[in-house]
Amino acid sequence: MKKTSLLLAGLAAAPASAGTLTITIPQLKVAEYHRPYVAAWIEPVGGGEARTLLSWYDVKKTGAEPGTKWLHDLRTWWRKGGRSLKQPADGITGATRAPGTHKIALPTNLKPGQYTLYVEAAREQGGREIISLPLNVAAPNGSVSGKTELGVVTLSR
Amino acid sequence: MRLKTCLIAAAALIAVATPGLAHRNWLLPSATIFSSTPETVAVDAAESTDLFFPDHRALGVERIKVWAPDGSEGKIQNGSNGRVRSTFEVQLDKPGTWRIGMVQNGIGGTFKVDGVEWRLFSGRRPGGAGGPGAGAGRGPGAPGGPSGAGGEPPRFVSSIDEIPANATDIRITETSGSNNIYVTAGEPTDTVFTPTGKGLEMVPVTHLTELVKGEPARLKFLVDGKPAAGLKVSVLPGGKRYRDSDGAIEIMTGADGVATIDWPEAGMFWLNTSFADNKATMPKATGRRMSYTATLEVMAP
């Protein structure tokens, strides 16, 4: 039940959404595949605090080496805001996602303005990639494609 | 035999006066950024020619000190001194930024008694027990003893108190140095960077968890708590074996004591700087020489 609520948290705000972020996790033909850790956050263009939109990691793994142990592998997110975010974070934390397309509602309480959206992915026994997209809160629109660990990432209304 | 030992001792003395001339002392952490606590950082420590390839001598783990983020003293675990490298672990059981390193203080130099040159050397005892530096058999009276003929090797004392009252031409240098690494579990903190106001110290303006290729970092150097202007800071990347140049960068600090370092690549870097003046604090010392060394991890953007 708790897991489900974590999974759904990112989608829950859908009705009043200011826009939608679509993240594609590519299917990779590798011998040992682990779903990537993914974080997405926005930063005001003029500078300012980063705001984390989502962090997907192995939330189920506990014990001496919990899933949070590898969060710093999302090294840019970790520096920009991950390390100051208490995990699991309500409405942000979720389990890792399978390859495919995932839609996430943007928060409805974003102050109008220009932001940069970042999406970073890191995979166990695999690579790490970060991509960015400009985000205008009034009219989210745009698309960029990752090359290795991320597929197409889209912002839309 | 004895001459040889003395020469080795003399060489050791010179090495203390100018650290890092031929070999470099380094600490190499397994990582500097950890997600949370408890975590374990594994550290190698050695003195070698190139960074970070152990090929010469281990640095004794008994000299390592650990400063926890809350100001308490931490401890090392599983320490082991090998021939060319020592290794130990520190359990990061408190969140924040930890300092791990060694602080060395020594004194060395020369003086004359009745025209005969003597050397003062403290710190790691050259030649071991019974060697020329072993002070036991050579009390303060010893310098007045039989004076060597010209060409005889220098004589030694091992503490400043052993310099006799009738000594002349006293040239004694105080040496102090620290060799450091910094590791952070969770959110970074600043407590371990609080300067003591004594000797040569570094206070990061850019936190050491924020060292990134292509983003200039600012590190402030202090001597006795005041900005050290015009200090030459050397920065060397590890892994020289895999390229042609040593990749050394030299930066001068500005009037504010700040060195701005633009990291050319990600990886582990060895930073070293030293400073000498005549503001010795010990009686009879005529000068002092201070050094600061750190191994810093630079992340890819």
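Helices (H or I, at least four residues) and strands (E, at least two) are DSSP runs, numbered from the N terminus. The model is predicted: local features need pLDDT of at least 70, side-chain atom pairs count only at pLDDT 80 or more, and totals for chains, interfaces and linings use all residues. Residues are numbered from 1 along each chain as its sequence is written, chains are lettered from A and ligands numbered from 1 in the order in which they are written, and side-chain values use heavy atoms, with hydrogens and water left out.

Strand β19 of chain B spans residues 267–277 and holds B:Thr273. This residue has a relative accessibility of 1%, so B:Thr273 counts as buried (under 20% relative accessible area; exposed is over 50%, partly exposed in between; 1.4 Å probe, protein chains only). A polar atom of the B:Thr273 side chain lies 2.7 Å from the backbone oxygen of B:Lys232. Contact means heavy atoms within 4.5 Å. Beyond four places in sequence, the contacts of B:Thr273 include B:Leu200, B:Phe221, B:Met290 and B:Tyr292.

A nonpolar core is a set of buried Ala, Val, Leu, Ile, Met, Phe, Trp, Tyr and Cys residues joined through side-chain atoms within 4.5 Å. The largest such core has 26 residues. Within it, B:Tyr182, B:Phe221, B:Trp263, B:Leu271 and B:Leu296 touch the most other members. Among the elements of chain B that give two or more residues to this core are β14 (217–223), β16 (232–237) and β19. Strand β20(B) supplies the largest share, five residues. A second, separate core has 23 residues, including A:Leu21, A:Leu53, A:Tyr115 and A:Leu155.

The two chains also meet, with 12 residues from chain A and 15 residues from chain B in the contact. Together they bury about 1,100 Å², 44% of it on carbon and sulfur atoms. Buried area is the accessible area (1.4 Å probe) that two parts lose on being put together, summed over both. Of the area that chain A buries against chain B, 54% comes from A:Arg75, A:Arg79 and A:Arg83, more than from any other three residues.

Three salt bridges are counted between chain A and chain B (a side-chain nitrogen of Lys or Arg within 4 Å of a carboxyl oxygen of Asp or Glu). One salt bridge joins the side chains of A:Arg79 and B:Glu215 at 3.5 Å, N to O. Helix α2 of chain A (residues 75–80) gives the most to the side of chain A that touches chain B, with four residues.

How values were computed:
Polar contact = N/O pair within 3.5 Å; in protein donor to acceptor, adjacent residues only side chain to side chain.
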